[in-house]
Amino acid sequence: MSTNLSAQAIEQFKTDGFTPAIKVMSDAAAMDYRHRLQAIEAVVGKLKGGYRLKCHMLYKWVSDLIREPAIVDRVEDLLGPNILCWGTDMWVKEPNSDEFVSWHQDSRYWGIEGDLLTAWIALSPATVESGCMRMLPGSHLGNTMMHEDTFHADNMLTRGQTIADHIDESKAINIEVGTGEAVFFTYRIAHASHPNRSCDRRIGIAIRYTVPSARQIKSDWDSATLIRGEDRFGNFVHEPTPKADFDPDSVDFHAKTNENYLNILYSGTGRTEHRT
Ligand SMILES: O=C(O)CCC(=O)C(=O)O
């Protein structure tokens, strides 16, 4: 079975800013990943802060997932042969809960100049009822929009950042993603998601892929994991690969890079306390 994107999906990524949902693993593999995630929750509780962010340095199975050919081959179709993984976030919405994600563009906050895309993988069905993402097609082609910080208690974003401009909801599209499917979207796209009103947890893992020519402009230091090809730019310190869950070498490195990441995410807010 081909693990490449169709010409149509590549075209849609260029014009709309995202691909259709594409099967990247079996339902059984997704269930296995879900069990691994839940086994960590059983030990550390709700995944917050470092347990949720850049966690490919903490959990061996996430470190394996970011290298999965069924995902990376598609990323290569969009970014080219040299690929770095810059981040991994868990997005867990509990059944019948109020947590939501306001309209935002990731490119507004991450300090990355260059190409960056997300592979968002569903480990349970992301439907309209369970609070799948919504995206505004073509919004990646204009200028970055103005955002304001709300710090709303139910907003899953670090600073509750919300696009201040009017979003025409009638033009937004629901991005339903089945278990074991992924949607690939550029970090410039405006996106959001409603609360989970279903009886199951809505679990997604977002993997952020970029290219070696990209650079961090909000910090003198940043790191990424080389996934494929070569890095002739040296803009990111290369991250260690955990040999097992909570490998001490990776844990130390993760603490440093995650603190740097949170400082970038909160820059300009004057807040020193991080709430993720
Ligand atoms: O999972 C969600 O509902 C939102 C995810 C998101 O905003 C992102 O991956 O950038």
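Is Phe-246 buried, partly exposed or exposed, going by its relative accessible area? At 38%, Phe-246 comes out as partly exposed, where buried means under 20% relative accessible area, exposed means over 50%, and partly exposed falls in between (1.4 Å probe, protein chains only). The model is predicted, with local features needing pLDDT of at least 70 and side-chain atom pairs counting only at pLDDT 80 or more, while totals for chains, interfaces and linings use all residues. Residues are numbered from 1 along each chain as its sequence is written, and side-chain values use heavy atoms, leaving out hydrogens and water.

Phe-246 sits in the loop between β15 (237-238) and α5 (248-265); helices (H or I, at least four residues) and strands (E, at least two) are DSSP runs, numbered from the N terminus. Its phi is positive, about 55°, although Phe-246 is not a glycine. Most residues other than glycine have a negative phi. Asn-96 also has a positive phi, near 45°, and belongs to the loop between β2 (83-93) and β3 (101-104). With 49% relative accessibility, Asn-96 counts as partly exposed.

Helix α4 (residues 69-79) is largely enclosed by the rest of the structure, because eight of its eleven residues are buried. Among them are Ala-70, Ile-71, Val-72 and Asp-73, along with Leu-78 and Leu-79. Just after α4 comes Gly-80, with a positive phi of about 95°.

Now for the ligand. A shell of 13 residues surrounds it, the closest being Asp-106, Trp-120, His-191, Ser-193 and Arg-202; a residue is near a molecule if one of its heavy atoms lies within 4 Å of it. By type, the shell splits into six nonpolar, three polar and four charged residues, with Ala, Val, Leu, Ile, Met, Phe, Trp, Tyr, Cys and Pro taken as nonpolar, Asp, Glu, Lys and Arg as charged, and the others, Gly among them, as polar. β2, β3, β11 (191-193) and β12 (202-210) each supply at least two shell residues, and β12 gives the largest share, three.

The distance is 2.6 Å for Ser-193, 3.1 Å for Arg-208 and 3.3 Å for His-104. Taken alone the ligand exposes 290 Å², and the protein buries 100% of that, by the Shrake-Rupley method with a 1.4 Å probe.

Terms used: Polar contact = N/O pair within 3.5 Å; in protein donor to acceptor, adjacent residues only side chain to side chain.
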